Amino acid sequence: MMIAPVLAQDASTATTGIKLSGDQPIQIDADKLVVHDNEGTATFTGNVTVVQGATLLKAGSMIVYYVKGPKKDTTGAAPADAPKTTGVAGAGAQDIDHLEVNDKVYVKSEDQVATGDHGTFDMKTEVLVLTGNKVVLSQGDNVAVGCKLTAQLKTGEAQLESCKSGQTGRVSIVVAPKNAPKN
């Protein structure tokens, strides 16, 4: 999800972009956590911070939706070989289905930053969607502004949509020259 290649900059200066990875632990900190075991959700509120590898996500609130557990047999017991998905403490990244974040969403990875009002991240498809009145994607001095950012984290492809539908909506991009003087 690199701005530089999207804006026809030299691809050799590109970085890896925003990404989450199932092979690294996820650390979540918040002011409050409420676990709804029956619904398979955990709601984090107040100064939510999520760190995984080089990626940092901040938001006012986040709901984690866990993969639904296996169906129970007639005795009410899960099959013996079924994976355990009890509560937030026993759930690993592979048990998370998707995340919803709200209230001043901030995502930083490597040298890219994306901000918006609301966001979703699907762990299976590795698709991040940020929406809001002003969604900003920046890499160094390069800045792109719209109202909906869809990032395919597996491929690095990003699509930024305008705030208005049809031909009247516009996406705004500012590209800094490669050899601009630093102040």
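This is a predicted model: local features need pLDDT of at least 70, side-chain atom pairs count only at pLDDT 80 or more; totals for chains, interfaces and linings use all residues.

Student: Thanks! Which elements does the chain have, and in what order do they run?

Tutor: The chain has one helix and ten strands. Reading from the N terminus, the order is α-β-β-β-β-β-β-β-β-β-β.

Student: And how much of the chain is buried?

Tutor: Of the 183 residues in the chain, 32% are buried. The chain also exposes about 10,900 Å², and carbon and sulfur atoms supply 52% of that area.

Student: What makes Val107 buried?

Tutor: Val107 has a relative accessible area of 3%. Buried means under 20%, so Val107 with its 3% is called buried. This residue is found in strand β5.

Student: Why is Asp97 called buried too?

Tutor: The relative accessible area of Asp97 is 17%. The limit for buried is under 20%, so Asp97 at 17% is counted as buried. Its place is in strand β5, which covers residues 96-109.

Student: What is Asp97 in contact with, leaving aside its neighbours within four places in sequence?

Tutor: Asp97 is then in contact with Tyr65, Tyr66, Val67, Phe121, Asp122, Met123 and Lys124.

Student: How do you know that the side chains of Asp97 and Lys124 make a polar contact?

Tutor: The distance given for this pair is 2.4 Å. A polar contact needs N or O atoms within 3.5 Å, one able to donate a hydrogen and the other to accept it. The 2.4 Å of Asp97 and Lys124 lies within that limit, so the term polar contact applies.

Student: Is Lys104 called buried or exposed, and why?

Tutor: Lys104 is exposed, because its relative accessible area is 69% and exposed means over 50%. Lys104 is found in strand β5.

Student: Why is Glu110 called partly exposed?

Tutor: Its relative accessible area is 38%. Buried means under 20% and exposed means over 50%, with partly exposed in between. The 38% of Glu110 falls in between, so Glu110 is partly exposed.

Student: How do you know that β5 and β6 pair?

Tutor: Ten bridges join β5 to β6. Pairing calls for at least two bridges, so these ten are enough. The two strands run antiparallel, and Val107 stands opposite Ala114 in β6. They form a hairpin with two residues between them.

Student: What joins β6 to strand β7?

Tutor: Nine bridges join β6 to β7 (residues 127-139), and these strands run antiparallel. One partner pair is His118 and Thr131, the latter in β7. β6 and β7 form a hairpin with four residues between them, and Glu126 in the turn has a positive phi of about 55 degrees.

Student: In which sense do strand β4 and β5 pair?

Tutor: β4 (residues 55-66) and β5 pair in the antiparallel sense over ten bridges. Ile63 has Glu100 in β5 as its bridge partner.

Student: Last one: which residues make the nonpolar surface patch of about 200 Å²?

Tutor: Val171, Ile173 and Val175 make that patch. Val175 is found in the segment after β10 (172-174).

Notes:
Residues are numbered from 1 along each chain as its sequence is written. Side-chain values use heavy atoms; hydrogens and water are left out. Patches are made of residues with over 30% relative accessible area and no salt bridge: like charges are joined within 9 Å, nonpolar side chains (Val, Leu, Ile, Met, Phe, Trp, Tyr) within 5 Å. Accessible areas come from the Shrake-Rupley method with a 1.4 Å probe; for residues, only the protein chains shown count as cover. A salt bridge is a side-chain nitrogen of Lys or Arg within 4 Å of a carboxyl oxygen of Asp or Glu. Buried means under 20% relative accessible area, exposed over 50%, partly exposed in between (1.4 Å probe, protein chains only). Contact means heavy atoms within 4.5 Å.
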